[in-house]
Amino acid sequence: MAKNVLFYARHSAGDQINACLETQLYYGHRFIKANGWTFAKSYADEDIGEVVFMAQPGVRKLFAHIERETVDIVLCHTLDRLCSRFDIASRLLSELADKRIELWAADPGERITARNLSDYYISDRSKMFAMGSHSAHVPDDLREEKHFAPLPFGYRYSGACNAGGQRIFGFKIVDPVAADVVHRIFGMYAEGMAPTKIAALLNAEGVAGPRGSIWRDAAIRGNRARETGILNNPAYIGACKQAGDDDYHYVSALRIVSDELWDRVKDRQDAAAERAAGLAGRRKQQS
């Protein structure tokens, strides 16, 4: 029976957060596949120091997952992406061992035990910082935009380059032309225009929709509970999720819609939902 694997990643703050996380996941998935294991889920944290390591959101969620479901292996890319202190790693290893869960590092491809843990952290720290450390090589195929996660309408990958002339992988920015369309949609809806009429107006003006398609009211209205559709996507107020993290982080540079306009749209949606509920109630009474 294939072993179930949870993957843990840790990144430093900065413009290349996506690159760091996606690179770790790339090597992790490759190692899992090579061993015939089953990937269950990934969790991630920002590198904010070791003092509160066990209290970090990603670590808490990882252990909550362990309590809920059967897990055989916790995998990290390299030990420096797990933590950089021997005592913390030793405690983590002990807690996992008590639950009969193995700890592995994809690079160098070994199971971490109490014996080799001291080798990594004390005897030869160079092993710990192998090819998967902070400056891990981003595989060439991951640099191709076709492998990037699709972005919401209003954003694009920057294509920016660092000082060495290499493209900054996974760095998204606001697309000013598309962002203007998003802002118009929010404004028109807040002023009382229905999604069907908004879509018809944009199509009449020849405005290209998401991925070059024509505008449909469903793409605008979406599903509020599922956060789908232009009017429900929190990305437009700068809310982002990082890999393995269920919580939103706010990035002001990615904001397209103000809180005031967002709230006006939510208020109108609330009013529409109340009217619909009232109408459904009256129909039920009449039947």
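Is Trp 215 buried or exposed, and what is its relative accessible area? Trp 215 is buried, at a relative accessible area of 2%. Here buried means under 20% relative accessible area, exposed means over 50%, and partly exposed lies in between, with a 1.4 Å probe and protein chains only.

The model is predicted: local features need pLDDT of at least 70, side-chain atom pairs count only at pLDDT 80 or more, and totals for chains, interfaces and linings use all residues. Residues are numbered from 1 along each chain as its sequence is written, and side-chain values use heavy atoms, with hydrogens and water left out.

**Confidence**

pLDDT is the predictor's confidence in each residue, from 0 to 100. The protein chain has a mean pLDDT of 81, and 78% of its residues reach 70 or more. Residues 125–136 have pLDDT below 50, and this stretch has 30 contacts in the model beyond near neighbours in sequence. Residues 140–147 also stay under 50 in pLDDT, with 13 contacts beyond four places in sequence. A contact means heavy atoms within 4.5 Å.

**Sheet and helix packing**

Helices (H or I, at least four residues) and strands (E, at least two) are DSSP runs, numbered from the N terminus. Five strands form an open sheet with mixed pairing, in the order S2-S1-S3-S4-S5. Two strands pair if DSSP finds at least two bridges between them. Strand S2 (38–46) and S5 each have a single partner strand and stand at the edges, so one side of each lacks a neighbour in the sheet. On average, and with direction ignored, neighbouring strands of this sheet are turned by 30° against each other.

Strands of a sheet pair through backbone hydrogen bonds, either parallel or antiparallel. Strand S3 (residues 73–76) pairs with S4 in the parallel sense, over four bridges. Cys 76 stands opposite Ala 105 in S4. Helix H2 (residues 57–68) packs on the sheet and touches strand S1 (4–11), S2 and S3. The direction of H2 makes about 150° with that of S2. Axes are lines fitted to C-alpha atoms, for helices over the stretch in contact, and angles run from 0 to 180 degrees between N-to-C directions.

**Aromatic pairs**

A pair of aromatic rings is described by the distance of the centres and the angle of the planes. Rings of Phe, Tyr and Trp (its six-membered ring) pair if their centres lie within 6.5 Å; planes under 30 degrees apart count as stacked, over 60 as edge-to-face and the rest as tilted. The structure holds eight aromatic pairs. One of them joins Phe 153 and Trp 215 edge-to-face, with 5.2 Å from centre to centre and 90° between the planes. This pair links distant parts of the chain, 62 residues apart: Phe 153 is in the loop between helix H5 (125–128) and strand S6 (155–157), and Trp 215 is in the loop between H7 and H8. Phe 153 is buried, at 15% relative accessibility.

The rings of Tyr 155 and Tyr 236 are stacked, with centres 6.0 Å apart and planes at 5°. Tyr 155 in strand S6 and Tyr 236 in the loop between H8 and S8 are 81 residues apart, and the pair links distant parts of the chain. Tyr 155 is buried, with a relative accessible area of 8%, and Tyr 236 is buried at 1%. Tyr 155, Tyr 236, Phe 186 and Trp 262 form one aromatic cluster.

**Charges over rings**

A charge sits over a ring if NZ of Lys or CZ of Arg is within 6 Å of the ring centre and within 35 degrees of the ring normal.

| Charged residue | Ring | Distance to ring centre |
|---|---|---|
| Lys 266 | Trp 262 | 4.4 Å |
| Arg 268 | Tyr 189 | 4.1 Å |

Asp 263 is found in helix H9 (residues 259–286). Asp 263 is partly exposed, with a relative accessible area of 42%.

**Backbone details**

The peptide bond from Asp 107 to Pro 108 is cis, with omega near 25°. Pro 108 lies in the loop between strand S4 (102–105) and strand S5 (110–112).

Arg 211 is not a glycine, yet has a positive phi of about 55°. Arg 211 belongs to the loop between helix H7 (195–204) and helix H8 (217–221), and is exposed at a relative accessible area of 71%. Glu 227 has a positive phi as well, near 60°. Glu 227 is placed in the loop between H8 and strand S8 (237–240), and is partly exposed at 36% relative accessibility.
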